[in-house]
Amino acid sequence: MFQILLNFFWLIAIPFGCGLLVTKYMPEDKQTAGQTWVNGYLIMIAFFHCFYLAFVLLGSTSFKLLTLVFGVFIVIFALISAWVGRKIIYICFLRMKNKEALILKSVFAVVVILQIVMRLLQQVSDGDDAFFIATATATWSSNTMNLIRPYTGFVTEYLDVRHAFSSAPIWLAFLSKVTIVHPAIMGHSVLALILIILHYIVILNIGDVLFRRKKTEKYIFATIIGLFNMYGYVSIYTAQTFFLTRTWQGKSIFANLLLPCIFMVLIWLAEKKTEAKDEKIYCIIAATTMFAATAMTTMAVFIIPFVFMLGLIFLAIFRKNPRLLWKGLLACVPTGIVGLIFLMA
């Protein structure tokens, strides 16, 4: 029972509290409980990556100290964020009472629940998982970071910069530490379930814009995406394969949550009703998403800013709005700093 409460606190309450600060300044039609939860996870991952990189650059390997410092910080931040955004909590949950398209919602829910059940019942093991889970387990059990080789268990002689700059396994170890759940169970079961739900929240948000005149059709859109995910195992390299077999790994989180988030922001920016103040909050969400992506895999440092800026170039031309490019460039600055540090390390 105590572990269930800890999981609820760290995996649901804290991210939701963190997300309220951003959701408060979003347009009213986007102030939903689901988007608040997504915002919270983006903020949580981005902040954790900041703290982790600071520890790495300062030469600290104390996972216990990182857990303590970040844990205290994120709880305080979530409380402040929840207090600032307290007035929209009711609005966020009020939107969940919409009973339109009950049949379509039910079909969509069945598709998602089936994927969650199969994800919990399946046992996937591959080379990347051996590294990801082993790194998280070594960090969790030894209270050190980047000192133990995940494949051999021996103490490393040098810092593996490519993997050390990705905090995804350490983030998994942090969640395991604060919830008292083994990293393998946290990754394969608990976190996988949450990531599937977050993925479909983003898909629904995209569908909400694409089918704004017929809102019920977004559930048809999301159901079709769900079917593609279920039957997309045509190669071991497809995003669908990563999504349902390697859900908790950094590359999968990047491909199936953070990249869709960037496309979601671009679609929001493409809306005709988007105002200058909306552009600012959308670019803040994009900046947080891009920075969080660098925590999942180092290749995101170069891929995700390119995708975002390429989309903004087309949008700036289409909307005759060059200020989008400047806001986009500012949003890329945090990720660019990480990229420079990575190249210089």
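This is a predicted model: local features need pLDDT of at least 70, side-chain atom pairs count only at pLDDT 80 or more; totals for chains, interfaces and linings use all residues.
Which residues of α10 are buried?

**Figure 1. Helix α10 and its buried face.**
The buried residues of α10 are K218, Y219, A222, T223, G226 and N229. Viewed down the axis of α10, these buried residues fall within an arc of 140°, so they line one face of the helix. Helix α10 comprises 14 residues and reaches 20 Å from its first C-alpha to its last, close to the 20 Å expected at 1.5 Å a residue. Its buried residues pack against α5, α9 and α11.

K218 is a residue of helix α10. Its relative accessibility is 16%, and K218 therefore counts as buried, the cut-off being under 20%. Apart from residues up to four places away in sequence, K218 touches L204, G207, D208 and F211.

Helix α5 covers residues 102-121, and its 20 residues should span 28 Å at 1.5 Å a residue; the end C-alpha atoms are 28 Å apart, which agrees. Buried in this helix are K105, F108, V111, V112, Q115, I116 and R119. Seen down the axis of α5, the buried residues fall within an arc of 130°, so they line one face of the helix. In general, an α-helix has 3.6 residues a turn, so residues three or four places apart point the same way. The buried residues of α5 pack against α9 (183-210), α10 (217-230) and α11 (239-245). On the face of α5 turned away from the buried side are the exposed residues L102, I103, V110 and L121.

**Figure 2. A nonpolar surface patch that includes I80.**
A nonpolar patch on the surface is formed by L65, L68, V69, V72, I76 and I80. Together these residues have about 510 Å² of accessible area. I80 is located in helix α3, which covers residues 63-84. Because its relative accessibility is 52%, I80 counts as exposed, the cut-off for that class being over 50%.

**Figure 3. Salt bridges at K30.**
Side chains of opposite charge can pair when their charged atoms come close. In the whole structure, a search finds 7 salt bridges. One of them joins the side chains of D29 and K30, at 3.4 Å from N to O. D29 counts as partly exposed, at 22% relative accessibility, whereas K30 counts as buried, at 6%. The side chains of E271 and K30 also meet in a salt bridge, at 2.9 Å from N to O. E271 lies in the loop between α12 (250-270) and α13 (276-296) and K30 in the loop between α1 (2-23) and α2 (33-57), so the pair ties together parts that are 241 residues apart in sequence. Both E271 and K30 are buried.

**Figure 4. The salt bridge between E279 and R323.**
The side chains of E279 and R323 meet in a salt bridge with an N to O distance of 3.0 Å. This pair links distant parts of the chain, with E279 in helix α13 and R323 in helix α15 (residues 323-344), 44 residues apart. E279 is buried, with a relative accessible area of 0%, while R323 counts as partly exposed at 39% relative accessibility. Elsewhere, salt bridges that share partners join D29, K30, E271 and K273 into one network.

Y41 is located in helix α2. With a relative accessible area of 2%, Y41 is buried. Leaving aside neighbours within four places in sequence, Y41 is in contact with L11, P15, W171, I194 and L198. The C-alpha atoms of Y41 and V22 are separated by 12 Å, and these two residues are 19 residues apart along the chain.

**Figure 5. N143 and N146 in the loop between α6 and α7.**
N143 lies in the loop between α6 (127-142) and α7 (161-164). Although N143 is not a glycine, its phi is positive, at about 60°. N146 is placed in the loop between α6 and α7. N146 likewise has a positive phi, of about 65°, without being a glycine. At 25% relative accessibility, N146 counts as partly exposed.

Note on methods: Residues are numbered from 1 along each chain as its sequence is written. Side-chain values use heavy atoms; hydrogens and water are left out. Patches are made of residues with over 30% relative accessible area and no salt bridge: like charges are joined within 9 Å, nonpolar side chains (Val, Leu, Ile, Met, Phe, Trp, Tyr) within 5 Å. Accessible areas come from the Shrake-Rupley method with a 1.4 Å probe; for residues, only the protein chains shown count as cover. A salt bridge is a side-chain nitrogen of Lys or Arg within 4 Å of a carboxyl oxygen of Asp or Glu. Helices (H or I, at least four residues) and strands (E, at least two) are DSSP runs, numbered from the N terminus. Buried means under 20% relative accessible area, exposed over 50%, partly exposed in between (1.4 Å probe, protein chains only). The expected span of a helix is 1.5 Å times one less than its number of residues. The arc is that of the directions from the helix axis to the C-beta atoms. Contact means heavy atoms within 4.5 Å.
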